[in-house]
Amino acid sequence: MESRDLFELENDKTFQQLNQQVNSFNALKILKLENYEIRHSNILAWLLDPKENHGLRDYFLRKMLEHLILIDENGDKLQYEAVGEILNHSLIESHVYREVKTDNNRFIDLLIVNQQLKSVFLIENKFYSTESKNQLDDYLIYIQNIFKDFTIIPIYLTLDGEEPSNQQYFILTYERIESILHIVLMLYRDQLSDNVYTFIEDYNQMLREKFYPNQDQIMQAIEIYSNHRPTIQTLFEKTSIFNKQLQFDLGYQFEFMAKYKNTINYIFNHGKNILSYSFEHFIRQQFKEDVLYNAHPTIPNLLPPEWDSIGQIPLREPNYWLRKGIIVWFDRTNDNRLCLIAEIGPMEFGGRLSLLEKLEKVGLSIKESSKLEKSRYTRFFTQKMDVNKWDDMIELTQVMVDLYNSSEFTLLRKQVATVLNSQSLIKEEIVPPVMENPSLDEQKIQVKNAFKKWMVSKNIPENHYRVSARNLSFKIPLFDAFKENLGETREKWWWDNGPFLFWMDIHLGSLYFTLEIGPIEADKRVLLMENIKEKGINFNKKGLKQEAKYTRIHTETISIEELNESEILNALGALYSNKDLQMILDKLQIVYDEMISKVD
């Protein structure tokens, strides 16, 4: 990278405009609060407590309960009517508790108790993490035993409205929290102290950036990344370790990175915009005819060609998505999966109700609350698939193809098309689409099924492994222990962002098995690699360099040609039981123990 490259970037007008926007002051972002679930719970506890010093009294708590009623998916909850009854009373005497310990040594994020109304609100807050096994059941049973004659309202608060495993829990999203904060800032400007108003404003801005990313800024980042790709990539690599080791270089490049590090990070993360690019590839690969779509930077969407006749039902809100009453979109979930979602939008009530009732007759599950005149949006299909490498456009495009052509969504497309075209209603099984390489795809399905059974036999929980279009991957407790001490990788790596991961590639007739070390902070990585080398674990000498990102410390390929599922299970066991691999894991345990003893 030459000085001329930096001159060109710094004198790019779009770069300077974006730099000004990205670096607007926000105290909470300086504290990096947005990445820690516990910090969000602390802020929510403060906002929800009517007796706290924010001056909102019970306004925030009341608005949160109102949104529980406004969310269509909550219409069939057992305590739905009870929430409405509670709202007829003052909530001032409510008390908020944090980290309430249960009999099973678990901790409830937020508990709101109102003795006067004999009501309890249990909130499980999942900002980035996912629920543990039986977690929601345990919380609810514990509270039911403690508050035997109280009305208990369990709430599952997530980023994207994820369905809770326990159906008694009300769904609540951070998008709704942001909406309440937005109203608070409009209505309470004169009543709140300057400090409180600024704090709420900063928190609201942080959530807005999460749920309503500035599309103009993203488009600017894409333009800059496209025009200065090699420079941005090099700068990102260098700035990723910028504040993690002492540097005393007074040159122009050093000063440039010090001044623009936040903007460089923003451009790199948004500019390459893998989701939008992959969606464009998916459209070209999937459709030969014209299709209505929008390669949106964060939620690319389309109208399946079979559903084009939806245009005959007028919209109540003309600007809804592609100006049609049905939409399908892809979205990246908070656990790094790709989700395909189909939704019916705000059409005129008569046509909307008729469509929902017809869809019910072909076997779709439609909630009664979606048939009310006030209802606007109804998601009637959701399917997720794992993505191991989010920087791999080939894999991401393939996952989109697999989701769109899954037997479930293929059947749905045909059913909805039949209803829209007023043909006889159908309810049938659809044969999955023919794959380009049937033998390989059949083998992949067989291997994936065997892998899932093998994970169960090894007592590895679902959130510790992934099955994607091309890869299988998993981690063991030792890897989590390393992650706790070494931290996450300095850039997104697979789905866990931890120092170590097992992954496998499925090929026709063979399985490629790898234990790899990812791009953790450079100084910690070099020290780790030196310790690993001292223990006699062999790897490529490039793994000792500061700029090294990926280092494989064990690989093995085995034949799976003509093996049945039982034999594949045995092959997976043989891969993991390999004497050399087990020796490596024993040595890694020694490395970890020595690392901990030095800290102690």
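Two strands are taken as paired if DSSP finds at least two bridges between them. Helices (H or I, at least four residues) and strands (E, at least two) are DSSP runs, numbered from the N terminus. The model is predicted: local features need pLDDT of at least 70, side-chain atom pairs count only at pLDDT 80 or more, and totals for chains, interfaces and linings use all residues. Residues are numbered from 1 along each chain as its sequence is written, and side-chain values use heavy atoms, with hydrogens and water left out.

Five strands form an open, antiparallel sheet in the order E6-E7-E8-E9-E10. Strands E6 (292-294) and E10 (378-386) stand at the edges. Each has a single partner strand, so one side of each is left without a neighbour in the sheet. Neighbouring strands are turned by 15° against each other on average, direction ignored. Axes are lines fitted to C-alpha atoms, for helices over the stretch in contact (heavy atoms within 4.5 Å). Angles run from 0 to 180 degrees between N-to-C directions. E6 pairs with strand E7 (residues 301-303) in the antiparallel sense over three bridges. Tyrosine 293 has leucine 302 in E7 as its bridge partner.

The whole structure holds 39 aromatic pairs. Rings of Phe, Tyr and Trp (its six-membered ring) pair if their centres lie within 6.5 Å; planes under 30 degrees apart count as stacked, over 60 as edge-to-face and the rest as tilted. Phenylalanine 282 and tyrosine 404 have ring centres 5.6 Å apart and planes at 65°, so the pair is edge-to-face. Phenylalanine 282 lies in helix H13 (residues 274-286) and tyrosine 404 in helix H15 (residues 393-404), so the pair ties together parts 122 residues apart in sequence. Both residues are buried (under 20% relative accessible area; exposed is over 50%, partly exposed in between; 1.4 Å probe, protein chains only).

Phenylalanine 482 and tyrosine 592 are also edge-to-face, because their ring centres lie 5.4 Å apart and their planes stand at 65°. This pair ties helix H18 (residues 477-486) to helix H21 (residues 579-599), parts 110 residues apart in sequence. Phenylalanine 482 and tyrosine 592 are buried. Both belong to one aromatic cluster, whose members include Phe451, Trp454 and Tyr576.
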